[in-house]
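The entries below follow the order in which I looked things up.

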Amino acid sequence: MTVIRHLLVSFVLIGTALTAPAQESNKVNLSVDVSRAGARIDRNIFGQFAEHLGHGVYEGIWVGPDSSIPNTRGIRNDVVTALKAIKVPNVRWPGGCFADEYHWRKGIGRERVVTLNPNWGGVVEPNTFGTHEFLDFLDQIGAEAYLSINVGSGTPQEAAEWLEYLTTPQQTTLGKERAANGHPAPYKIAYLGIGNESWDCGGNMTPDYYLSQLKIYSRFVRNFNPAQQGQQQMLKIAVGPGGDEPRFIEWTESVMKAWQNRKWSWDMQGLSMHNYTVVHWDKKLVSVGFDETEYSQFLRATLDMEGLVGRYSVIMDKYDPQKKIALVVDEWGSWYTPLPGSNPGFLVQQNSLRDAILAALNLNIFARHADRVRMANIAQMINVLQAMIMTDTEKMVLTPTYYVYKMYVPFQEASFVPVTFNGGTYSRGDVSLPRVDAIAARDAAGKLWLEITNLDPNQPLEVEATVAGINAKSAAGETLTAPRVDSVNTFAAPDAVVPKAIAAKVKGGRLTLNLEPKSVTVVSVEH
Ligand code: AHR
């Protein structure tokens, strides 16, 4: 009997050895040469997106001045404090699809016009959060405005009047109306999006039809703020691709070619790109309660961002070799099936450790393409899709993605430094992923910052980094991980996924660091 059991155990062990993937060494060599600093990482790649969708604006930002939730002029204080800590550079508003049905006059003045939000749940839109409230919110968090104007159901005149209302210093009727509504000084509008997904929800336009609109809006929607002329001009962002289908290649070619052959009367400085991580649009994955297989599938899908950015950069290089036009990835992030019990039109999902890793991978892709990708906006800031913050009436919780944005603050405006590494592969079923991702950058004070992601959910890694170009003396930073790939922060347990301190050893210009499985780590190197 004992012999039989022994034989069975042996067979099982042999079977395991034959089927288990070969174990990779858990040592990773990484090298950084600080003397080779490249493009500046534009802080605008850490931009946010707030659409009138679900509780993204109402409750997420706006509770109204009479609310028992602590607020400043109707804008909730806890949210403002949290957003200030991640140094949000810009916020895109009011949509999304909502922008192409938004009529700004309904959201100014004492009496607001109550409308509907047909795109997102068909709910009532009170218009209590309008132009002034948005700009007050930006003022409170210290971010720039990225206004998306209505090209779908609006007119060039309506958009032109909005910009005159916002920016003229003169005593025009619109300028006086702005002053009467509480803001005598002209507002600064840093970025202007001309349409949203005009190939689909923004009007299902052909490239030629959109181009004729783009030229008209670009010509007539003027910014009159004296502080925003010449070099300081408002940057206009045209609608670009939404994936890798042939129609998006054609769209991008058409817009870029038209720009190359443009006349003096119109211009643009950015081309938008949208790309969500989904896996299957018609059978979306769940945001919590998933296993390692779905973890790996989803991260595999998110890495498609690299190919897309590369493909559209090549097209843009053809018509704009001097890289004057920024590729603006103004909608990206995870899109899962809505949480059970939520309004499906509100796009409510959980935000797990997997989303944190996904955010790091995408931010690293943008940083590696810093010469072309100069702005990006994760969708969306609060309570919608891959949010930074979730609220439930007076309660607020910060998501794992929020903490990645916080850890990446030092990369804002730092100079990209190339990193090479031999991370090996992590495999699960038929999915293979690079086990490691990393970026490095040098900040204005000369300090080196290193981000290393360990995608492998099972293996810790020992990283040995050679740092050339500086005399590295010490290194320390923070790491974000959690017990499970689908660990989340909840109102009851808000600190399940929060960064913790990590130390590195530095000796003879070599830095060694132990990374936990499924972790995002940022360290600074003193020299
Ligand atoms: O972010 C949600 C929606 O996704 C946006 O409104 C739209 O632009 C995109 O399709």
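**Entry 1: the model.** I note at the outset that this is a predicted model.

**Entry 2: a helix pair.** I began with the general point that two packed helices are described by the angle and the distance between their axes. I looked up helix α9, residues 304–319, and helix α10, residues 353–368. Their axes come within 9 Å and cross at roughly 25°. Angles under 35 degrees count as roughly parallel, and α9 and α10 are therefore roughly parallel to each other. I recorded the crossing of α9 past α10 as right-handed.

**Entry 3: the residues between them.** Which residues of α9 meet α10? I found Met305, Glu306 and Val309 on the α9 side. Their counterparts in α10 are Asn362, Ile365, Phe366 and Arg368. I sorted the residues of this contact into 4 nonpolar, 1 polar and 2 charged.

**Entry 4: the sheet.** I then turned to an open sheet of 10 strands with mixed pairing. I wrote down the strand order as β16-β20-β21-β26-β23-β24-β25-β22-β1-β17. Which strands stand at the edges? They are β16 (415–417) and β17 (419–421). Each has a single partner strand, so one side of each is left without a neighbour in the sheet. From one strand to the next, the twist averages 25°.

**Entry 5: helices on the sheet.** I returned to α10 and found that this helix packs on the sheet. Helix α10 touches β16, β20 (436–442), β21 (448–454), β23 and β26 (519–526). The direction of α10 makes about 50° with that of β20. I also looked up helix α11, residues 400–407, which lies across β23 and β26. Helix α11 runs at about 160° to β23.

**Entry 6: β23 with β24.** I followed strand β23 (residues 474–480) to strand β24 (residues 500–507). How many bridges join them? I noted 5 bridges, with the strands paired in the antiparallel sense. Ala476 stands opposite Ala503 in β24, and Ala475 stands opposite Ala504.

**Entry 7: β24 with β25.** I continued to strand β25 (residues 510–515), which runs antiparallel to β24 and is joined to it by 3 bridges. Here Lys507 stands opposite Arg510 in β25. I recorded β24 and β25 as a hairpin with 2 residues between them. In the turn, Gly508 has a positive phi of about 55°.

Definitions and conventions: Residues numbered from 1 in each chain as written. Predicted model: local features only at pLDDT ≥ 70, side-chain atom pairs only at ≥ 80, totals over all residues. Heavy atoms only, no water. Axes fitted to C-alpha atoms, helices over the stretch in contact; angles between N-to-C directions. Helix = DSSP H or I, 4+ residues; strand = E, 2+ residues; numbered from the N terminus. Parallel < 35°, antiparallel > 145°, perpendicular 65-115°, else oblique. Left-handed = near helix turned anticlockwise from the far one by under 90°. Contact = heavy atoms within 4.5 Å. Nonpolar A, V, L, I, M, F, W, Y, C, P; charged D, E, K, R; others polar. Pairing = 2+ DSSP bridges.
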